[in-house]
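Subject: Structure handover

Hello,

Here is the structure for you to take over. My notes on what was found in it follow below.

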Amino acid sequence: MITHTVGSLPIFALILWVYKRNESVFLDITGKKVINFQLTWMGIWALALLSLLGVVGLLLVPLVGLIQLGLVIRGTISASRGQVYDYPLTLELLSTSRQK
C-alpha cells in the first residue's frame, strides 16, 4: 500500500519494490504496476510542463495533477483491500506477469 502513496517519488517506490518483491506475489505485481505508473506519469508531467510554454499548459498542468492524485488514491484504496489495481493510462514498462 505504501508504494501507491509515494506516487510522486518513483525512487522510493523502486526501493520498496526491490526490498519487498520476494515477500509475496501481490507485492511484486503491485510494485511493478506502481513503478510503471510513475514512469509513465513522469513522461506525462514532462509534456505538461513543456506545454507551459503555450497557453494550453495553464489548463493542462492542474488537470494532470488532479488525474494523477485521483489515480493514486484509487490505487491506495485497492491495495488496502488486497486488490491489484490496474492503473489506466499506463505503459507496461516492467512486465507484471510472473514467470518461473
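What share of the 100 residues in the protein is buried? Buried residues make up 34% of them, where buried means under 20% relative accessible area, exposed means over 50%, and partly exposed lies in between (1.4 Å probe, protein chains only).

Some ground rules before the rest. This is a predicted model, in which local features need pLDDT of at least 70 and side-chain atom pairs count only at pLDDT 80 or more, while totals for chains, interfaces and linings use all residues. Residues are numbered from 1 along each chain as its sequence is written, and side-chain values use heavy atoms, with hydrogens and water left out.

Confidence. The mean pLDDT (the predictor's confidence in each residue, from 0 to 100) is 85 for the protein, and 88% of its residues reach 70 or more. Helix α1 (residues 2–5) has the lowest confidence, with a mean of 54, and helix α4 (residues 56–80) has the highest, at 91.

Overall make-up. The protein has four helices and zero strands, and its elements run α-α-α-α from the N terminus. Helices (H or I, at least four residues) and strands (E, at least two) are DSSP runs, numbered from the N terminus. Among contacts (heavy atoms within 4.5 Å) between residues at least 6 apart in sequence, 64% join residues at least 24 apart.

Core. The largest nonpolar core has 13 residues, and Phe-37, Trp-41, Leu-71 and Tyr-87 touch the most other members. Helices α2, α3 (25–50) and α4 are the elements that give two or more residues to this core, and α3 gives the most, with five. A nonpolar core here is a set of buried Ala, Val, Leu, Ile, Met, Phe, Trp, Tyr and Cys residues joined through side-chain atoms within 4.5 Å. Leaving aside neighbours within four places in sequence, Trp-41 is in contact with Val-64, Ile-67, Gln-68, Leu-71, Pro-88, Leu-89 and Thr-90.

One of those partners, Leu-89, lies in the segment after α4. Leu-89 is exposed, at 60% relative accessible area. Its phi is near 60°, a positive value in a residue other than glycine. Most residues other than glycine have a negative phi.

Are Lys-32 and Lys-33 buried or exposed? Lys-32, in helix α3, counts as buried because its relative accessibility is 13%. Not counting residues up to four places away in sequence, Lys-32 touches Trp-17, Leu-94, Ser-95, Thr-96 and Ser-97. Lys-33 is also found in helix α3 and is buried, with a relative accessible area of 17%. With neighbours within four places in sequence left aside, the contacts of Lys-33 are Val-84, Tyr-85, Asp-86, Tyr-87 and Thr-96.

Surface. The protein exposes about 6400 Å², and carbon and sulfur atoms supply 70% of it; accessible areas come from the Shrake-Rupley method with a 1.4 Å probe, and for residues only the protein chains shown count as cover. Ile-11, Phe-12, Leu-14, Ile-15 and Val-18 make a nonpolar surface patch of about 450 Å². Of these, Ile-15 lies in helix α2 (residues 10–20), and Phe-12 is found in helix α2 too. Phe-12 is partly exposed, with a relative accessible area of 45%.

Regards

Key: Patches are made of residues with over 30% relative accessible area and no salt bridge: like charges are joined within 9 Å, nonpolar side chains (Val, Leu, Ile, Met, Phe, Trp, Tyr) within 5 Å. A salt bridge is a side-chain nitrogen of Lys or Arg within 4 Å of a carboxyl oxygen of Asp or Glu.
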